[in-house]
Amino acid sequence: MHLLEFCFVLLCLNIYAIESFNLAPKPNLIIKEPLNVAPGNGRQKPFSSYFGYTILLRDKSIIIGAPQAMHGSSQSGAIYKYDFATKQVKPLKLENVAEFKNFNYLRPNTEHQWLGASMDGGSKDEEPLIVCAPLKTATLDDNQAYMHGMCYWTNNTMDDDSKNRVWQILSPFSAKGKQNNQDFKDEKGKPLFGDLRFGEFGFSVQLTEKNDEVISGSPGVLNWSGKVIHYNMNTQEPRATIRGPKMASYKGYAVGCGYFNVSNKEQLSYVVTMPNANSETKLGSVQIYTAPPSWNVEFPLQIGYTGAQYGEYFGYSLLVDDLNGDGLDDMLIGAPHHTVNSVFEAGAVYMFINIGRGKQLSFKQTLLKSPFSSSGHFGTSLGKLGDVNGDGYKDIAIGAPFAGNNGNGAVAIYFGGPNGLGVQPRQILNVSEQLVGSGGMFGHGLSRGVDNNPNHYNLAVGAPNADVVFVYRSYPVVKINATIRPKNSIIPTNTTSLKFDICVNIQSNSTKILRQELLLDLSVDAEKKRINVRHCIGKDPFMAGLRPQCLSCNATLISDDHYIFIPIIMELTYRLKNDGKTQEDSEFCSDCAVVDPAWPNMVKAHIQYLHNCKGSVCSVDLWFRGVEIP
């Protein structure tokens, strides 16, 4: 029983220690869906729009997907744009102008198409955006149903009311010439099961760095074995990978791309996940492959990895980024159903650090287990933060939409470093039930971060079951350097005054931090009461700059032979006056910073008495001799 109590205490201490670092502890901006009412009656809708299911953080706006939103009388889904300048959120129209030619007699339908289920784009509003509706359906005259999926490409997101916004619609499975590829048939031409019919193009989507290629996962192809469609935006031609290894492999559940090859850092590689690659063992897999040298050659496979636990859904989410600053991309693979310490669906994330061994790719694997004690589905979502703490390494957000208080969801923040991400989070974000209600799924949607965002926002978190998006800013990180400098570290036993300097400065990678107000507390020999230093540090905060500034003190020392063998211990503690971690309001504190928790907040100095002893410890050389008394 005592051991159980001890472990529980340790767990509580660990959770408390990671509560907050330099992202604001409370959201600085809360965005609610503007049309969250049922059509015609003005009442609250009986279902959520999943506003915040997908999020793209840009320099002037936030693009938000709501795949279950109403559009007129149709539940087709919607895309919204929050403008930082006007502080307004409006629908972003995508379907009103572009023309797409389906194969003959195909009638598209927008009901339940899940527009906004996936999207991608750059960090600037001047850059392209692609938004997908993977469940977009259609019918033929004979009422046969199709679920081809569709994606919308727009060149920018600058003007809300642009009539020429959509430059192209991508829907390769419903294009002309594809009517004979809808089903897999036997030798007699009898359909056996769907091929392109339920392809779900746009289930996952990624734009390449140069915005010249769309990578789209289509897990429904060929009876859910799945494929990846590569769409060349220059030639406007699609090309498919081979299908998944088995039926219901779900190849294309998540897709990505990056630069992994140390011998050819310009070579772009692609990544695809298959959460059910082996239907017997229920183990997912991930594959890395490159572009083929010619059009009629298959995509060459570079390397593949498999999950380790039955039914963990390895490959549910994917993130590619350089996590250790070596110039090569690394990978994170989410497994939100991973069992941790007998807790089912607690979740985990597999970290693959690129160790760069010539042409043959090689990765070091580390398992990041859920820091939550509940079935939180940790790893459902993965978000890029950029370098949020200013240490030169990329940082990551990981969502657990069913963790936290009452299963409302939480987000764990991990910092990059020379070995990749740390195994424990440096901060936990969550919101109250008053903001999201019960089961709000906070953390299901995570934005891609924007370095050097002019609006200083670093992370947007969606709670799609509550139709709310929460946006966070980061505080600059500082380190406080302090020293106590006695004029003499060894003093005579009859000394009646003690002279010393206290020198303090700050350091930060942020160019906005030039000085900070500090609260100093000096304690010297408090139990012995032989010295008074109250006058050394005033009541006002100490203004510390980038260069050391010193306070000089001359304190009266009481001479007492009882203490000549006990050193004088001086202890200085220090903290920020304007600490971002203590801010209770959602309004961002522009004067605040946070201290790196790995940096000390206290310094000591020792002063010895001169008593003819060697070293800092005096051992009395006392001899006893017995004399026999008759």
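Rings, disulfides and a buried valine

Student: What makes Arg473 a charge over the face of Phe588?

Tutor: This is a predicted model. In it, Arg473 lies over the face of Phe588, at 3.9 Å from the ring centre. The distance cut-off is 6 Å.

Student: Which other ring has Arg473 over its face, and at what distance from the ring centre?

Tutor: Tyr457, at 5.8 Å. That value also falls within 6 Å.

Student: How many aromatic pairs does a search of the whole structure find?

Tutor: The search finds 25.

Student: Why is the pair of Tyr50 and Tyr53 called stacked?

Tutor: Look at the distance of the centres and the angle of the planes. The ring centres of Tyr50 and Tyr53 are 5.6 Å apart, and their planes are at 5°. Rings pair within 6.5 Å, and planes under 30 degrees apart count as stacked. So the pair of Tyr50 and Tyr53 is stacked.

Student: How do you know that Tyr50 is buried?

Tutor: Its relative accessible area is 16%. Buried means under 20%. Therefore Tyr50 counts as buried.

Student: What makes Phe314 and Tyr350 an edge-to-face pair?

Tutor: Their ring centres are 4.9 Å apart, with the planes at 90°. Over 60 degrees counts as edge-to-face. So that name applies to Phe314 and Tyr350.

Student: Why do you say that this pair ties together parts that are apart in sequence?

Tutor: Phe314 lies in the loop between strand 22 (301–306) and strand 23 (317–321). Tyr350 lies in strand 25 (residues 348–354). The parts are 36 residues apart in sequence, so the pair ties them together.

Student: Are Phe314 and Tyr350 buried or exposed?

Tutor: Phe314 is buried, at 0% relative accessible area. Tyr350 is buried too, at 6%. The cut-off is under 20%.

Student: Which residues do ring pairs link into a cluster?

Tutor: Phe203, Tyr253, Tyr313 and Tyr316.

Student: Now the cysteines. How many disulfides does the count come to?

Tutor: Four. A disulfide is a covalent bond between the sulfur atoms of two cysteines.

Student: How do you know that Cys132 and Cys151 form a disulfide?

Tutor: Their sulfur atoms are 2.1 Å apart. The rule asks for within 2.5 Å. The link is right-handed, with 105° about the S-S bond.

Student: Why does the pair of Cys132 and Cys151 tie parts of the chain together?

Tutor: Cys132 lies in strand 8 (residues 129–133) and Cys151 in strand 11 (residues 150–154). These parts are 19 residues apart in sequence, so the pair ties them together. Both cysteines, Cys132 and Cys151, are buried.

Student: Where are the sulfur atoms of Cys589 and Cys592, and how far apart?

Tutor: They are 2.1 Å apart, in a disulfide. The link of Cys589 and Cys592 is right-handed, with 80° about the S-S bond. Both residues, Cys589 and Cys592, are buried.

Student: Last one. Why does Val594 count as buried?

Tutor: Its relative accessibility is 0%, and the limit is under 20%. Val594 is found in strand 41 (residues 594–595). Leaving aside neighbours within four places in sequence, its contacts include Phe21, Tyr475, Leu576 and Lys581. The C-alpha atoms of Val594 and Lys581 are separated by 6.6 Å, and the two residues are 13 residues apart along the chain.

Notes:
Residues are numbered from 1 along each chain as its sequence is written. This is a predicted model: local features need pLDDT of at least 70, side-chain atom pairs count only at pLDDT 80 or more; totals for chains, interfaces and linings use all residues. Side-chain values use heavy atoms; hydrogens and water are left out. Helices (H or I, at least four residues) and strands (E, at least two) are DSSP runs, numbered from the N terminus. Buried means under 20% relative accessible area, exposed over 50%, partly exposed in between (1.4 Å probe, protein chains only). Contact means heavy atoms within 4.5 Å. Rings of Phe, Tyr and Trp (its six-membered ring) pair if their centres lie within 6.5 Å; planes under 30 degrees apart count as stacked, over 60 as edge-to-face and the rest as tilted. A charge sits over a ring if NZ of Lys or CZ of Arg is within 6 Å of the ring centre and within 35 degrees of the ring normal.
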